[in-house]
Amino acid sequence: MEAVDAARALLGLEVGLLLCCVGAVGGCTVSISQPPVLEVDYAQGAVTVPCFFSTVGCPPEAPSSLWFRYGAHRTETLCVDGCTSEADKFTVRKAQNQVSLTVNRLTPNDSAIYICGLASPSSEDPRAKEAGAGTVLVVREARGPGTALRGLLAALLALLSVYVVVVLGVFVILARSKFNTLRNKEKEDSQKKKSARRIFQEIAQELYNKRHVGTSHQPEKDNTYENRTALDNYERP
């Protein structure tokens, strides 16, 4: 970050010196605004770095522009001749309150800080020339496949989520079905036990009743035998 700030200070000084040749040193102020960061894929082919400006109290003519690039190893002054051809590496386009720099045939080496400088040519005010804060251009390699890979991973994650939901639903249904089956089986076993117990009780009651009836008739048979024996003894001489 310190290196970037130092580079911007150095470029600001260079802008001031270069713009002195365009606008000499009353009451004109130029303000510049640039996006802080631009990230692009080199396969995109070209990228446009915008530079927005406003003027207060300046002559009606359009301000002159200069572009600078601070790379990893050197500082470059871009488009001194205007860069109006599409075949050039850089192309400058001017519109109302905007000057844009297009970087053509992108490569990762185009990653740098791009600074826009403007000056009102016929103003003698020192504030008639200004340099922007700069735009950090980041040209990435193989970003397209990365984006496609992220999309594929997102789709796989969505499918996995659906699969997990379906599996959980099936598991819940099977668990409920198994629970109901076990519950019904327990009910059937309980009913069978009750039925067997009732049958056993009925058999035991029937055996008890038969035994009780047999026991109650036995004394009567003995009394009849005794009466007959006594009668026979009485009738004998």
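Buried means under 20% relative accessible area, exposed over 50%, and partly exposed in between (1.4 Å probe, protein chains only).

This is a predicted model, where local features need pLDDT of at least 70, side-chain atom pairs count only at pLDDT 80 or more, and totals for chains, interfaces and linings use all residues. Residues are numbered from 1 along each chain as its sequence is written, and side-chain values use heavy atoms, with hydrogens and water left out.

Q: How many disulfides does the structure hold?
A: A disulfide is a pair of cysteine sulfur atoms within 2.5 Å. Cys28 is joined to Cys58 in this way. Cys51 is joined to Cys116. The count of disulfides in the structure is two.

Q: Is the disulfide of Cys28 and Cys58 right-handed or left-handed?
A: The S to S distance here is 1.7 Å. The torsion about the S-S bond is about 90°, so the disulfide is right-handed.

Q: How many residues apart are Cys28 and Cys58?
A: Helices (H or I, at least four residues) and strands (E, at least two) are DSSP runs, numbered from the N terminus. Cys28 lies in the loop between helix H1 (2-19) and strand S1 (29-33). Cys58 lies in the loop between strand S3 (46-56) and strand S4 (64-70). The pair links distant parts of the chain, 30 residues apart.

Q: Is Cys28 buried or exposed?
A: Its relative accessibility is 0%. Cys28 therefore counts as buried.

Q: Is the disulfide of Cys51 and Cys116 right-handed or left-handed?
A: The S to S distance is 2.2 Å. The torsion about the S-S bond is about -75°, so this disulfide is left-handed.
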